[in-house]
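Morning, everyone. I have one structure to walk through today. Please have a look at it before I start.

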Amino acid sequence: MYQGKIPIINDKFDLAIFLQIVRKNYWAPILFVAVSFVASFLYLRYTQPVYQTQSIIQINETNNTTKVLKIEDVYQDNDILKVIELLRSKEFLKRTFLKLPIQISYFSEGTFLSTELYRRSPFQIEWKMITGKLYDIPVYIEFDGSEKALIYYGDGGVNASYPIEIGKWSAIRADSIRCTVSDYLTIESQKENYKGNRFYFVISNPKNIVENHLQNLDIFLLNRSAQTIQISYSGYNAEKASDIVNTIAEEYLKYDVEIKKESAANILAFIEERLKQVYHSLDETEKELVAFKRENKINTDQFKAEGSPFPLFTTKISELEDELINIDFELVALQRINQQVANDHDLNIYELIATLSGTKSETIVVNVLNNLQELINKKEQLLNDITRDNLKIKLLEKQIDNQKDLLLEFVNSTIVRMETKKGDYQKKIAEYESKIFNDQNFDELEYSKLERLYTINEGFYHKLIEKKAEYLISQAGYVSQNTILEVGNVPVEPISPISKKIYPVFILIGLFAGVGYIILRYLLYDEVTSIATIQNFTDAPILGTVPIYKKEIPVSQLLVNKHPNSIFSEAFRTIRSNLQFISHGAETKIITVSSTISGEGKTFVAINLAGILAISGKKVIVLDLDLRKPRIHLGFNTSNNKGISTLLIGKNILDECIQKSDLSNFDYITAGPVPPNPSELSAGKQMETLLAELEERYDIIIIDTPPVGIVTDALSNLQRANYPIYVMKANVSKRHFIDNINNLVKSKNMDNLSIILNGVELHQRSYGSHGYGYGYGYGYGYYTEDDETTIGKKLTRKLQKLKQ
């Protein structure tokens with residue numbers, strides 16, 4: 001006995017079943033591919049195309065003048081990562097987008113898609129916004145001739161409309177709009193040719209312009225070694241995408257030159273201011289020196305000719321005076337840094353670094369300033385995505401403040417140190433002068449002090465003049481070498497959707513879906529298709545197979561007597577022969593026919609099996625014990641007023657209920673009226689008595705029972721039968737129905753249960769053993785006697801034509 005569990009899905013590949021499913025479902029791949037093709041066409045037709053273009057810039061700055069004259073370059077080299085952050089910053093993008101006509105977007109609305117009329121709108125809108133209610137909503141405009149138009153838009157779920165005059169300011173609540181028409185022919189053409197299309201425009205909120213385009217903008221480092229940056233933009237309008245990337249690249253070149261020159265101009269202004277102060281001090285000192293000479297009648301040439309008794313001291317004084325000049329210059333730079341860091345929130349780091357050029361504190365202060373600049377850049381980058389109240393921003397601001405405090409602490413301590421050093425140098429000079437003029441009179445000493453002060457101011461003035469000259473030369477020689485390596489061209493083909501990819505992808509999806517559908521049908525195919533399927537899951541013998549009858553079945557369902565030489569009748573003869581192999585030697589044999597559900601052909605098999613037995617000379621009677629849904633009386637077109645139910649309750653006697661068929665030796669008893677207790681009647685003692693009486697009169701008793709898988713009425717009659725037959729129908733009965741057969745054999749000890757497979761396609765039949773006895777194959781088709789006559793006539797006609 002088969003012990004395994006019948007699987008829910010087909011776990012073994014059966015080529016015959018698979019081909020059968022393919023034949024029945026070949027339409028699925030064709031249908032799925034056709035649907036996919038239509039879907040791809042609709043997707044391409046009604047999906048807004050996305051265009052992408054890119055521009056490439058190279059960062060490279062040189063100052064040829066500084067190299068030739070070997071003077072200091074006042075401009076700091078651009079860090080490429082800082083340039084990228086600058087290009088991504090909202091402030092720079094806001095400056096860039098102001099150069100583009102994108103604050104108002106114009107559209108032509110079609111049935112399914114809207115087309116942006118970038119730089120191609122036949123009308124233009126100017127506005128004076130006060131309330132801001134028209135921002136970021138579609139405002140439709142309908143032209144009425146060349147002088148009037150109607151503007152309407154949704155306002156709180158209600159459409160608001162306002163008539164306007166072309167070329168004049170019109171009030172829209174508290175706001176004002178003026179519409180001018182540049183191409184009225186285009187407007188009229190759209191009215192005539194595209195009656196469903198409408199014009200509308202969207203006024204973007206200035207605060208949201210950058211945000212609206214930032215998500216479509218991509219700026220990244222292309223090659224660090226080559227110092228190249230790629231600017232990429234994708235959008236629904238090709239010309240607009242090209243304008244955006246090109247404008248960003250061009251604006252950066254302008255911005256870079258402007259910011260560098262602005263920084264240099266600020267430094268030059270600072271030097272000019274200090275020059276005026278030093279010049280004023282120098283002028284005052286010179287006047288005092290001249291006045292002193294005049295009052296004391298000092299002859300400068302005579303004084304100089306006498307020389308100094310201590311030339312070593314005069315050299316020392318000269319060196320110290322040079323140091324004082326450098327200290328004064330550095331103090332001025334440090335005090336400027338101290339003032340800007342303490343009071344200015346928007347620091348120009350590069351300007352401060354340039355101010356320190358040539359000072360001893362330059363290295364340390366520049367490192368701190370660079371760290372400060374990195375923190376400021378990181379903060380600006382984060383502000384593109386988060387608000388100022390975010391914890392990350394708070395932490396960065398704290399770090400920036402710490403860097404500023406560190407810078408101020410260092411600058412202040414350096415200033416104090418420089419002031420102390422300046423005082424020490426002044427004391428040294430005074431000491432040397434006292435030694436020089438110890439033996440001189442008061443006039444000479446005072447003259448020396450005035451002359452020294454004049455010399456210091458003169459040296460400081462010359463130092464500032466020198467620095468100014470260097471900045472002017474560097475500024476004049478600066479040329480930005482940033483280059484646009486690739487201009488963003490107007491793209492012709494969209495990046496999405498791409499028809500060359502969409503059609504194959506959709507068709508492949510459809511093909512895979514169709515094949516997958518067939519595979520799924522195969523995996524979930526749970527129908528019995530052949531004898532092999534039954535034999536895989538049960539050890540019960542196969543009594544035979546009944547081919548499918550392709551013509552219309554008559555009401556009586558009795559076919560074996562009408563076409564005795566057909567393959568259909570031969571199949572029942574095979575079943576009759578196979579019954580001999582399972583005979584138990586009983587003289588009268590009871591055959592019970594049942595199935596799992598209705599529709600598997602048990603009544604059809606019972607009637608034709610009775611017919612073939614009757615033809616062989618056996619006296620046969622068929623009992624309709626399907627008391628709930630009787631069918632035998634329908635097959636023989638007789639009344640069902642009396643039958644098994646009336647016999648079992650004693651209402652009628654046996655002879656009153658036996659009816660004759662058109663075939664000799666073939667009698668039947670209908671089910672009779674439907675009783676309220678069919679199970680009790682069919683299993684009672686009256687049934688035993690009835691069968692005993694029939695056994696005396698007939699050779700074969702065939703009982704047509706209700707489906708055993710639905711009610712239990714059939715069980716007792718199956719157990720009392722000499723030949724219990726279980727009918728299954730190919731491509732109708734489910735595989736798990738075989739569990740009922742195994743249960744009857746194992747649990748009910750029905751070892752003599754055999755199976756008939758009904759409704760088999762002829763191409764599925766083959767020679768071979770089917771349990772007890774043998775089944776027979778019948779070639780590639782079957783025929784009736786009428787078919788044979790028809791075929792013979794056709795062959796005769798063809799032979800006659802050939803002879804002619």
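Predicted model: local features only at pLDDT ≥ 70, side-chain atom pairs only at ≥ 80, totals over all residues.

Salt bridges, then. How many does the count come to? The count comes to 22 salt bridges. Let me start with Lys602. The side chains of Asp626 and Lys602 meet in a salt bridge, 3.6 Å from N to O. Asp626 sits in the loop between strand 18 (620-624) and helix 19 (632-635), and Lys602 is in helix 18 (residues 602-615), so this pair ties together parts that are 24 residues apart in sequence. Asp626 and Lys602 are both buried.

Lys602 has another partner, Asp704. That salt bridge is 3.1 Å, N to O. Here the link is between distant parts of the chain: Asp704 is in strand 21 (residues 700-704), Lys602 is in helix 18, and they are 102 residues apart. Is Asp704 buried or exposed? Asp704 counts as buried because its relative accessibility is 1%. Lys602 comes out at 7%, so Lys602 counts as buried too.

Now Asp667 and Lys660. They form a salt bridge, and their closest N and O atoms are 3.1 Å apart. Asp667 is buried, at 4% relative accessible area. Lys660 is exposed, at 61%. There is also a network: Arg95, Lys99, Glu251, Lys254 and Glu258 are joined by salt bridges that share partners.

Next, cysteines. The structure holds zero disulfides. Cys179 is buried, with a relative accessible area of 0%. Cys657 counts as buried as well, at 1%.

On to helix 2, residues 27-46. Helix 2 has 20 residues and reaches 28 Å from its first C-alpha to its last, close to the 28 Å expected. Which of its residues are buried? They are Ala28, Pro29, Ser36, Ser40 and Leu44. Seen down the axis of helix 2, these buried residues fall within an arc of 125°, so they line one face of the helix.

Now the proline. Pro497 lies in the loop between strand 15 (483-486) and helix 15 (499-523). Pro497 is buried, at 10% relative accessible area.

Last, the surface. Ile8, Ile9, Leu508, Leu511, Phe512, Val515, Ile519, Leu520, Leu523 and Leu524 form a nonpolar patch there, with about 920 Å² of accessible area together. Take Ile9, which is in the segment before helix 1 (15-25). Ile9 counts as partly exposed, at 41% relative accessibility.

How values were computed. Residues numbered from 1 in each chain as written. Heavy atoms only, no water. Patch = residues over 30% accessible without salt bridge, like charges linked within 9 Å, V, L, I, M, F, W, Y side chains within 5 Å. Areas by Shrake-Rupley, 256 points an atom, 1.4 Å probe, with all protein chains shown as cover. Salt bridge = Lys/Arg side-chain N within 4 Å of Asp/Glu carboxyl O. Helix = DSSP H or I, 4+ residues; strand = E, 2+ residues; numbered from the N terminus. Buried < 20%, exposed > 50% of the residue type's maximum accessible area, 1.4 Å probe, protein only. Disulfide = S-S within 2.5 Å. Expected span 1.5 Å × (residues − 1). Arc of directions from axis to C-beta.
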